[in-house]
Amino acid sequence: MSKVIVIDDEPFILMMIEDKLKSAGIGVITLKESINAVSLIKKERPDLIILDWMMPELSGIDLCKILKNDPETADIPIFMLTAKGQESDQQMGLKCGVEQFITKPFSPKALLEKIEQALKRN
Amino acid sequence: MFKQKILHRIFLAFLIFALIFIIPFSLTVHKELKKMVEKEEKAETPEEKERIHSEFQTQFRDSIVVFSFYTFVFAFFLSLFFSRSLLKPIRDFFEGAKSIKEGNLDVRLEVINEDELGEVTRSFNEMAASLQKKTEELKRKELYVSTMMDPLWVLSDNNVITDVNPASAKLFGYSRDFMIGTSVFDVVDGENSKILKSNLNFEGKSSSSIFEISIIAKNGSLIPVLITCSPILKDDQVTDKICILKDFRREHQLRDALRESRDSLESIMDSIEDDLLVIDREFKIVRANKAVKAKKGEGVIGNYCYSTLHDLSMPCWQAESDCPSKKVFETGRISKTVHRHASIAGNISFHDIVSYPITDQKGNVTHAIEFIRDVTEEKEHERKITQRNRELTAINSIADILSRSLNIEEILSGVMGKLIELLRMDGGGIYLMDEANRELICAYHRGISEEFARITRRLRIGEDIPGKVAATGQLITIPDIESDQRIERSILKHAGMKGYCVIPIKGKERIVGVFCIFSFSPHTFAVEEERLLNSIGEMTGIAIENIRLYEEMRNLYKYLRQRREDDHKSILSLSSKLTADLDIKAVMNSSIELIKGAFKADLAWLLEIKDQDLILKAASGLNISRGETIYTKGTSSLEWFTIEKNMPVIIPAFSSENRFHFSDYLMPVYKSAVCIPVHAGEKVIGALTLYYVVSKEIKEDDIHFLQIVSSILAVALERSETYEKTLLEREMSDTILQSISDGILTVDTKCRIISVNKTISNIIGVNQEQILGKQCCDIFNYSRENNSFRWTLGACLNSALERRSENIEADLITAAGRKISVMISSSPVIDSDGKVVGVVNALRNVTREKEIDRMKTEFVNTVSHQFRTPLSAIIGMTEMIIDGDVKDDKAKEYLTTVLSEGKRLSEMVEDLLNIARIESGREPFREEAIDFNLMLNDLKKLFTNALKKKKGKLTTVINGDIKEFTGDKGKLSQLMKNLISNSIAYSDEGCSINISIAQKDDNLEINVSDNGWGIPEEDIPHLTERFYRGRHGQAVKGTGLGLALCKDIVTLHGGNISFKSTPDQGTTVTLNFPYRRKA
């Protein structure tokens, strides 16, 4: 069974994604704070990580940079949830190794499809 | 014979073979006979003998028959076999001959035997080879003939065409079949027939004949051809004739063209008036034009050019003259020279000779063309011009002397010096006429002894040569005094003078004196020299008269000057007044005052035409205000009359004058007047009038002087008005320039500053006057950060100087060290001639616009994020409920979240609207007394949960008794909420927030302090800007509206808000509210 870690400071987003992925038979671990995420990710070795861009303490993009610079986690595909739709932000994210951007508000169904495709690909 | 030989062979073969068989056969028979005899001897009975004998006979007979038969057959076939070697060559011959007949000349037979047949075979082969060679040769010749470009005719001895080649048919159009059998005389006309006939007759000669005739082609045209005809002889008899015809049309055309060009060349040559020769390398004349032939006769061709043209017996260069043609032959380049020829009669002539090379195809100079022009006349002209120039120079230098001084003695000595120098004389003297005593008195002398001068100091008119010249006015020249009888005084001879000349000094109507010049050697005076001397004499005479006239004039002038001095003083005073002062009113009044004084008038006024009326511009002696209408249009006044007539009008006495109506301003005391029209250029702009209470005689020079004065006044009037207008316009533009918020910087084409406005001087922090004339790029803060600005400004200036307007943005550090963004707009200043004379640069501070732009972008990003997060819940969760992903309690939980997020969205919209409302001034201010204790307690309750999460605490202090404070409770509560929530949000766990309220004089001070992250220094100035999110904005969610709303609320209460912060230590927000708010 595939395993996905979702990190967002909004509890309802976490709940929504968890419910949707579980209904599709995908294992989900949710995390409200990004600060301790790295050790959890290393321990769980998920197939995919979903990060929120704007989080207190450690932003999604900073976390992404840490993960992509660590050989242990560099190969895990990362989806970035963002309210920012601007082109320049997206380019910065792509440079840092983000595989896909999911712009808020998003459809859980479309998100699931994208996740399934990514899991199949990787 | 050959047949016999064959039979012999067969027979011999037969015999040989017969013998070959008969000998063994005979031996066998002999052996069998011997056996039979033996048997017979042994036989006992005759019968037996007889039987043996008959058996033998039978056997012998049978054997003979069989043997003979086989022998014959074998011998026959063998002989046939052997005779084959004879028959094969014969058969080969037959086949070979047949093959040759069929045209196969490659046939060669095999030599089988070295016998006669072999010989014959070899001869046959040689014959075949020879035949093949001949045939090939013939074919080749046929090919030549058929491919020949030139037509070829074969004629019989009686001139009938027997064969032609294809070229013939092509050229003449007749087919080969038509030509063959035709007489050659059938294709030529009568004249050509004769030439043909004579050239085709080869009787008594065997050489070819070459001749040119025209053949009639099939299309009737005549084709010129060159025929080469050769006879074919057999036993000295002409059997055939071969004619090769060469198409001569092209040659004919070329010949015609050549003739034409030769003709035209000759006509060109003949049309040239100059002599023209073509000479070869031996200097022989090859061609000459009409001009040469007309002079030298027709027979010049073949003669040497130097003998024909220059009557020389040797080439020019040997006679030490230049020969241009020799140079042409040597160098191949055009050469020219001028020859000077002296005829036997002594006449000198000049020839200008130009030689051009004629080259062959290899570039070698084969001939030279000489153009010879007789330039004697031109040379003569040249000489005359030179002479004339010399004369003019002399006259000029003398005129210079004459015009340089007004002192007679100085002039005379100068002219004398020049004459001596010009004619290379040794000395001379000048006598001036004393008309009263009828004698000449020496005024100047040079080169003679004092003694001689003393003796000849005075001469009577008619005495001596000078006296004669003074009497007659005619110049006298003496080449040598010694041989001249006219000399009366011997002292001239004793003085050693030889060449002598006396020139009359003529005035306009009389002789004023004489020049005498002499040389100690004989001197022949040329006609031109005499003419020159006469001119000098006349010039000097006029000059002397002029000087005398000048003296008289000077005296007169002195007298007049005294008279005019007062007038000039007046003008000077008037002019200086006019030039020094530009206040038109003052200028005019004082000018009129001056004029009145100068002319001793009782009243003077200047009236100007304005709106078709005459209004008062200035007056003296009358108390009327400037601008008053004196005469309306159509009034028959003196001034209108003067203006209409455009001339001065004098009224000597009013008593005898009834044409004019006088203004009521004029008292009826005036007796006389003078009125002058005032001109600005051609246009009359008014009138100047002087009134007198006495009858005054106005003189012409007074009028003239008045006209000058009026002109000066008109110019001053015009200039002053223009100046006033310009001043006004300048004032207006200057006010505009100084009042606009954009910096305006005007420079000249060298980028030196002409003008700047206040904005610019504020930016650079220097007084306007201090920067005028400086280089434009040098006035801005000279820090490295401004390099880019200076470079951009320079680029804008350059573009504008090239007539391109530019708009470029650049950052500038101001004198105060502030960084601002400036939009530089440069445009060229173009004068009335269309020339660029400078550049106007407008520097607009666009910092604020840029900041607003940045803030808008920030707002879009922030607001979109804040709106999108709750929208995610609303859209995502409803979608999952609809899709049936969640049911029952979960669905209810989802719907609850959707509701709360919807509310959050709504609150955010409300926040934004609040700010908008406060800022627009439409929000009502609900003023009431504020109970801070109550408010602080409510706030503590409100933030209990949030503080618990952060493990923080909130302490509140109200210092002492504070006066009752009134304000909008709701808004103040909102303000405090925002500040506290910020303190919590931007702090770590264990945060401590303290609120203190105190009264300070007439103000209420509220401090909200925390021990949070602090605010970076660069963020502090922007904190209250809407949508501004500082460095910590990434980490904490928010709209960037909280502090903006706070500031708006504080401002609404007439107070102010300030921030003090130390990074990582905390922040204190101080709110100051006045108790007495301004309405």
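1. A search of the whole structure, which is a predicted model, finds 39 salt bridges over all chains.

2. In chain A, the side chains of Glu44(A) and Lys3(A) meet in a salt bridge, with N to O at 3.0 Å. This pair links distant parts of the chain, for Glu44(A) belongs to helix α2 (residues 37-44) and Lys3(A) to strand β1 (residues 3-7), 41 residues apart. Glu44(A) is partly exposed because its relative accessible area is 22%, a value that lies between the limits of 20% and 50%. Lys3(A), with a relative accessible area of 26%, is likewise counted as partly exposed.

3. A salt bridge also joins Lys104(A) and Asp52(A), whose side chains meet at 3.2 Å, N to O. Lys104(A) lies in the loop between β5 (100-103) and α5 (108-121) of chain A, while Asp52(A) lies in strand β3 (residues 48-52), so the pair ties together parts that are 52 residues apart in sequence. Are these two residues, Lys104(A) and Asp52(A), buried or exposed? Both Lys104(A) and Asp52(A) are buried. The pair also belongs to a network of salt bridges in which Asp8(A), Asp52(A) and Lys104(A) are linked.

4. In chain B, Glu809(B) forms a salt bridge with Lys850(B), and the closest N and O atoms of the two are 3.0 Å apart. Here too distant parts of the chain are linked, since Glu809(B) sits in strand β25 (residues 806-813) and Lys850(B) in helix α23 (residues 847-883), 41 residues apart. Glu809(B) is partly exposed, with a relative accessible area of 36%, and Lys850(B) counts as partly exposed at 38% relative accessibility.

5. The contact between the chains takes 23 residues from chain A and 26 residues from chain B. Chain A and chain B bury about 2,200 Å² between them, and 57% of this area is on carbon and sulfur atoms. On the side of chain A, the residues that lose the most area to chain B are Phe12(A), Met54(A) and Pro105(A), which together account for 26% of what that side buries. The count of salt bridges between chain A and chain B is three; in a salt bridge joining residues of these two chains, the side chains of Lys890(B) and Asp19(A) meet at 3.2 Å, N to O.

6. Chain B has 28 helices and 34 strands, and of its 1079 residues 40% count as buried. Among its contacts between residues at least 6 apart in sequence, 53% join residues at least 24 apart.

7. The largest nonpolar core holds 39 residues, and those touching the most other members are Leu975(B), Ile995(B), Ile1006(B), Leu1071(B) and Phe1073(B). Elements of chain B that each supply at least two residues of this core include α24 (888-920), α27 (969-985), β31 (992-1000), β32 (1003-1010) and β34 (1066-1074). Leaving aside residues up to four places away in sequence, Ile1006(B) touches several residues, among them Phe932(B), Met976(B), Ile995(B), Val1069(B), Leu1071(B) and Phe1073(B). A second, separate core of 31 residues includes Ile398(B), Ile411(B), Ile430(B) and Leu432(B).

8. Val66(B), Phe69(B), Tyr70(B) and Phe74(B) make a nonpolar surface patch of about 430 Å². Val66(B) has its place in helix α2 (residues 46-101) of chain B and is partly exposed, with a relative accessible area of 44%.

Definitions and conventions:
Residues numbered from 1 in each chain as written. Chains lettered and ligands numbered in written order. Predicted model: local features only at pLDDT ≥ 70, side-chain atom pairs only at ≥ 80, totals over all residues. Heavy atoms only, no water. Helix = DSSP H or I, 4+ residues; strand = E, 2+ residues; numbered from the N terminus. Buried < 20%, exposed > 50% of the residue type's maximum accessible area, 1.4 Å probe, protein only. Contact = heavy atoms within 4.5 Å. Core = buried A, V, L, I, M, F, W, Y, C linked by side-chain atoms within 4.5 Å. Patch = residues over 30% accessible without salt bridge, like charges linked within 9 Å, V, L, I, M, F, W, Y side chains within 5 Å. Areas by Shrake-Rupley, 256 points an atom, 1.4 Å probe, with all protein chains shown as cover. Salt bridge = Lys/Arg side-chain N within 4 Å of Asp/Glu carboxyl O. Buried area = accessible area lost by both parts, 1.4 Å probe.
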